[in-house]
Amino acid sequence: MYKASRFSPLASVIRHTVITLPAPVNISTWWNFGSLLGVCLATQIFSGLVLSLHFTAHTDLSFYVVIQSFGDVYYNWWFRALHANGASFFFIGLYLHIARGMYYSSYVFKEVWSVGVVILLLVMASAFLGYVLPWGQMSFWGATVITSLFSALPIIGSDVVIWLWGGFSVDNATLTRFFGIHFLLPFTVAGLAGLHLFFLHDQGSSNPLGVSSDFNKVVFHHYYVLKDLVGVCFFVGPLLGLVYFYPWLLGDPENFIEGNPLVTPHHIQPEWYFLFAYAILRAVPNKLGGVVALAAAVLILFYMPFSPKTSIKGLSFYPWGKVLFFSLIGVFILLTWAGSKPVEEPYVVVSQVLSFLYFFYFLLIGPLTRIQDKLL
């Protein structure tokens, strides 16, 4: 009786979360990405823990420890390839999850959406810190460029940069604190993911039609558990294909060279999942303006729950809204492409135009759908 009463609360939470949870009967495959992101997070935490057992956070050793462990530690190459490519798949899932939320107006659930945006920010921070740890050439210079951006802050900028570096340049102290923070952030993300689910289950999921589904729901298990498992299989297949056949396809060749503060790469750029924000940063000629635009590119998602309300949740029944949304998807892809190009013409002008269109969407989508509401 003692054991039953002790574990029954945990069993009850699990049962209400993944078994008897009422879910709308008409949610589509686009709702699978929540569970896929959970799988990605678990994979990143596990593979990261394994890699941390054979990592030394020191500027003289990190690069060589990573190279040496390839041959001396069983399956270390597999875990590193899984961790690196898993980060890319994590961001693919995040961006698609956010896009689905924007299209179907999931942002009307303010608590769920706000916690989700905080998770995005922490995942981006963790990915940046992890990118620095192998101490390759692009990792070192990426850390130098991105941390130097804080110097644009009025009054406190220089002090913030010195605090981040732990000195007067990106050096051993920087690498040590980056490793510590990178190790802790995924567990913070996991906790926030639990809070995200709590608010979601409290308020209920949206659905493609944007109407109330209280009268037509089914239990989560086994209907959506099986559907999520199928989605996981389709997601994991390409990931393992990259790990086994093209493990360094998404990486930068410069990172096979040890970080050298005396040699600057010809073209410094972050990983592909940050290129859209990097293009927006470079589109503004003023340093402080560029930093503000970079931050706004992500923080503007906090504005979505406060945008003008529409009669129907989602853009399914707003033709011009759908055109605008898919134009935003195109702009996002083009910004990613522009961010991978050198800082020269015509890429600077292209980035400026695309940056304007990116922010213009968030200002225009609300009034445009309200106008269509009145016409109907």
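Which side chain of opposite charge is nearest to Glu271, and how far away is it?

1. The model discussed here is predicted. In it, the side chain of opposite charge nearest to Glu271 is that of Arg80, 9.0 Å away. Glu271 is buried and has no salt bridge; a salt bridge would need a side-chain nitrogen of Lys or Arg within 4 Å of a carboxyl oxygen.

2. Once neighbours within four places in sequence are set aside, Glu271 is in contact with Tyr131, Leu250 and Gly251.

3. The domain assignment divides the protein chain into domain 1 (14-252) and domain 2 (269-375). Their contact involves 37 residues from domain 1 and 33 residues from domain 2. The C-alpha centres of domain 1 and domain 2 are 22 Å apart.

4. Helix H12 covers residues 319-339, and its 21 residues should span 30 Å at 1.5 Å a residue. The C-alpha atoms at its ends are 30 Å apart, in agreement with that expectation.

5. The buried residues of H12 are Gly321, Leu324, Phe325, Leu328, Val331, Leu335, Thr336, Ala338 and Gly339. Viewed down the axis of H12, these buried residues fall within an arc of 160°, so they line one face of the helix. An α-helix has 3.6 residues a turn, so residues three or four places apart point the same way. On the other side of H12, Phe326 and Ile333 are exposed. The cover over the buried residues of H12 includes helix H4 (76-103), helix H10 (275-283) and helix H13 (347-375).

6. Helix H4, one of the elements covering H12, has 28 residues. From its first C-alpha to its last, H4 reaches 40 Å, close to the 40 Å expected at 1.5 Å a residue. H4 is mostly covered, with 21 of its 28 residues buried. Ser105, which follows H4, has a positive phi, near 55°.

7. Not counting residues up to four places away in sequence, Leu294 touches Leu149, Ala277, Tyr278, Ile280 and Leu281. The C-alpha atoms of Leu294 and Arg282 are 8.9 Å apart, with the two residues twelve places from each other along the chain.

Key: Residues numbered from 1 in each chain as written. Predicted model: local features only at pLDDT ≥ 70, side-chain atom pairs only at ≥ 80, totals over all residues. Heavy atoms only, no water. Helix = DSSP H or I, 4+ residues; strand = E, 2+ residues; numbered from the N terminus. Expected span 1.5 Å × (residues − 1). Buried < 20%, exposed > 50% of the residue type's maximum accessible area, 1.4 Å probe, protein only. Arc of directions from axis to C-beta. Contact = heavy atoms within 4.5 Å. Lys, Arg positive; Asp, Glu negative; His and termini not counted. Domains from an automatic or database assignment.
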